[in-house]
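Let us walk through this structure step by step.

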Amino acid sequence: MKTISKYGLLLLFPMLLSTTFVAAEPAQPTEQVSKTAQLGSLVWADLYTSDVKASLDFYTKTFAWTVKKFGKDSAKYHILYDGEQPIAGVLGRSAERNKTDNALWIGSIATDDVQANVDRASQNKATILMQAHDFALYGKRAVIADPQGGVIALLDLNENNKAHQKISNKWDWAQLFSVDIQKAATFYQSSFNYSIEKVAPEQSSLYLIQQDEIKASIVKLPAAFEQRDRWVNFIEVANLANTLAAAVKNGAEIIHQPDGDALAIIIDPNGAFLGLTEQESE
């Protein structure tokens, strides 16, 4: 797993003091190690938007990403590229059907068995928004809403399709803002085999852990926002200040930027929440 972002390091520090280290496992083939390390991690994200053109315009101008289109006009799927690497998908969503014209980023968490995870999630009262299906570009995928409304996708990267190896690794962190942290933790632990650990003894915030590595976190949703669980996905950028300046210039709003931390959360012009972290220097 790549180094956790500065945001992750801020959360990680208390845990390092109590972590027990165990003997290394025998060496595994590189591809197997790579897939195992990804399990439970944010590896891809799709932007669902009622105004595809406006969303593409914002992200290409702000991040200097390029676009390729796939499919027919009635089911067009756009892939955003960071240089030569695919980094995200963009597709249309009906404002009438979804009762909102706000865009939504849905992050995909790596799993090795999408259907088994969907079955457990369903047993734990999740709503299955999209059944397990072949995501032709990279593997098998499903989309669920947890019992408190948090929307997340599950993606089993097809090891026989080498295209997945080109995916950008700049998706850095996933954080669930929850109305009830403990209920959310119980759901993700029992549905997707995460283990749970407190960020610090005096805090209610929790880590989601797989393969003895921190994969995501759950924190309290501020009262100022609609009281429905919401995942915010964080992506690395080379220069946070420059990216934020470009984002604001292109119509985004900065809603969270802690002093001294190289991270921020923005709302894009179409209403989608996105977290940003600054890429660590080598």
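By class, four nonpolar, two polar and three charged residues make up the lining of the largest cavity. Here Ala, Val, Leu, Ile, Met, Phe, Trp, Tyr, Cys and Pro count as nonpolar, Asp, Glu, Lys and Arg as charged, and the others, Gly among them, as polar. The lining residues are Leu 104, Trp 105, Gly 149, Gly 150, Val 151, Arg 228, Asp 229, Arg 230 and Trp 231. Two elements give two or more residues to this lining: β5 (104-110) and β13 (230-237). The volume of the largest cavity is about 60 Å³. Across the whole structure, the search finds two cavities of 30 Å³ or more. A cavity is a set of points on a 1 Å grid over the protein atoms alone where a 1.4 Å probe fits but cannot get out, and lining residues have an atom within 4 Å of a point. Volume is the space filled by probe spheres set on the points, which are joined across faces, edges and corners.

A word on the basis. The model is predicted: local features need pLDDT of at least 70, side-chain atom pairs count only at pLDDT 80 or more, and totals for chains, interfaces and linings use all residues. Residues are numbered from 1 along each chain as its sequence is written, and side-chain values use heavy atoms, with hydrogens and water left out.

Now to the sheet. Strand β13 belongs to an open sheet of eight strands, in the order β10-β11-β12-β9-β13-β16-β15-β14, with mixed pairing. Strands (E, at least two residues) and helices (H or I, at least four) are DSSP runs, numbered from the N terminus. Two strands pair if DSSP finds at least two bridges between them. At the edges stand β10 (195-198) and β14 (253-256), each with a single partner strand, so one side of each has no neighbour in the sheet. On average, neighbouring strands are turned by 35 degrees against each other, direction ignored. The axes behind this angle are lines fitted to C-alpha atoms, for helices over the stretch in contact, and angles run from 0 to 180 degrees between N-to-C directions.

Strand β9 (residues 171-178) runs antiparallel to β13, joined by six bridges. Trp 171 has Ile 235 in β13 as its bridge partner. Ile 254 has Ile 266 in β15 as its bridge partner. Six residues lie between β14 and β15 in a hairpin, and Gly 260 in the turn has a positive phi of about 80 degrees.

Next, the rings. The whole structure holds eleven aromatic pairs. Rings of Phe, Tyr and Trp (its six-membered ring) pair if their centres lie within 6.5 Å; planes under 30 degrees apart count as stacked, over 60 as edge-to-face and the rest as tilted. Why is the pair of Phe 187 and Phe 192 edge-to-face? The ring centres are 5.8 Å apart and the planes stand at 90 degrees, so the pair is edge-to-face. Phe 187 is buried, with a relative accessible area of 5%. Phe 192, at 6% relative accessibility, also counts as buried. Buried means under 20% relative accessible area, exposed over 50%, partly exposed in between (1.4 Å probe, protein chains only).

Tyr 188 and Trp 231 are also an edge-to-face pair, 5.5 Å centre to centre with 85 degrees between the planes. This pair links distant parts of the chain: Tyr 188 in helix α6 (residues 181-192) and Trp 231 in strand β13, 43 residues apart. Tyr 188 and Trp 231 are both buried.

Conventions: On a 1 Å grid over the protein atoms alone, a cavity is a set of points where a 1.4 Å probe fits but cannot get out, and a pocket is an open set with protein on both sides within 12 Å along at least five of seven lines; lining residues have an atom within 4 Å of a point.
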